[in-house]
Amino acid sequence: MTNLIPDDYAATLEEVKRQVHTARFRAQRKANAELLQLWWRIGRTILDRQTEQGWGSRVLARLAADLRAEFPSIKGFSRANLFYMRGFAEAWPDPTAIVQRPVGQLPWGHVIVLLDKLDDQALRDWYAAKDAHFGWSRAVLAHQIATRLHEREAAAPTNFPGALGRSDSEQAQELTKDPYALDFLAVDGDASERELEQRMVDRILDTMRELGAGFAFVGRQMHFDIDGEDFYVDLLFFHIEQLRYVVVELKSTTFAPADAGQLGFYVTIVDDRLRNHDKHRPTVGILLVAGKNDTVVRYALASTAQPVAVSRYQLEQEADAALPDERTLVEAFTHELTRADDG
């Protein structure tokens, strides 16, 4: 008998590990789906009793206590969570939606974020779909809602329709945002371009999260020697889904027409020196500026042959986005009043 490990052992081990991970993932998804359906049914029951019999907050407090006593090993039977279950059933009244829609794929904590942060049902479904597709964490979901991703996505002014083919320009437009929320950089408005660039590299995972899914970091201050003259691209990325290079240039000042020309120049260099024309789509550029006049941007882009976009960046959340909305304030006051009444 030999003690030698077979040559294919390592490959077999990897295959078995993949099978275990896949089975665990499926089991977790199934368990999550079952839990969401349970929470929905409880919420539906509470809604019905409130409508038919006028159940109030004190009854729900008693229900929460009795459920915790009956099922001490199951978490989630707090009074607050029962209210969320009620809100869940009210927001998605069709029980098939929990199985067939993206919200049915989300952890319960993410559903709570959707209920807490959004009143518009269409927006809840929009963010649920994004969350399910990209696998956001709860913190990322809350951040995207707070920074109003639905308004910023694909919103940057560009010359893509004229510089690229129709279908390609539509896809390239999806890479843009306006504005870009760079509050995670933790710098003030007086930061220089180099400081912004350094912080973006230091926080590269956060930077790529804000740029969007599919971005891979290629390098910073990419050097190009053009017949003895030196040129440096601030930040260079490659989009692995669209198979194209994306040049990102930073300006800590208000947009000037010359900025579009400079970015177009760098796009031309990258497209000529790095792009594989048999495999890669045309290179595009994104200019991030501290401020811009959209009319000036429109004229500048019309005179630029290379595909470029111009977006504003913000280093802190807008004041109105940072404040709680009316619904949150009303719920907070109602909660405190109910606590006082229960006492």
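Predicted model: local features only at pLDDT ≥ 70, side-chain atom pairs only at ≥ 80, totals over all residues.
How much space lies in the second largest pocket? About 530 Å³.

Rolling a probe the size of a water molecule over the atoms shows where empty space is left. Now, who lines the second largest pocket? There are 24 lining residues, and those that lie nearest its centre are Lys130, Phe134, Glu153, Gly212 and Ala213. Helices contribute here too: H6 (121-134), H7 (138-146) and H12 (204-211) each supply at least two residues of the lining.

Let's stay with H7 for a moment. In the loop between H7 and helix H8 (149-152) you'll find Arg148. Arg148 is not a glycine, yet its phi is positive, at about 55°. Our other backbone stop is the peptide bond from Asp178 to Pro179, which is cis, with omega near 0°. Pro179 sits in the loop between helix H10 (166-173) and strand S1 (180-181). To put both in context, most residues other than glycine have a negative phi, and most peptide bonds are trans.

On to charges. How many salt bridges does a search of the whole structure find? The count is 21. Here is one to look at on screen: Lys17 pairs with Glu14, and their closest N and O atoms are 3.2 Å apart. Both residues belong to helix H1 (residues 9-53), where they are three residues apart, about one turn of the helix.

Last stop, the surface. Asp225, Asp227, Glu229 and Asp230 gather there in a patch of negative charge. One of them, Glu229, is in strand S3 (residues 229-239).

Note on methods
Residues numbered from 1 in each chain as written. Heavy atoms only, no water. Patch = residues over 30% accessible without salt bridge, like charges linked within 9 Å, V, L, I, M, F, W, Y side chains within 5 Å. Areas by Shrake-Rupley, 256 points an atom, 1.4 Å probe, with all protein chains shown as cover. Salt bridge = Lys/Arg side-chain N within 4 Å of Asp/Glu carboxyl O. Lys, Arg positive; Asp, Glu negative; His and termini not counted. Charge placed at Lys NZ, Arg CZ, Asp CG, Glu CD. Helix = DSSP H or I, 4+ residues; strand = E, 2+ residues; numbered from the N terminus. 1 Å grid on protein atoms, 1.4 Å probe; cavity = no way out; pocket = protein on both sides within 12 Å on 5 of 7 lines; lining within 4 Å. Points joined across faces, edges and corners; volume = space filled by probe spheres on them.
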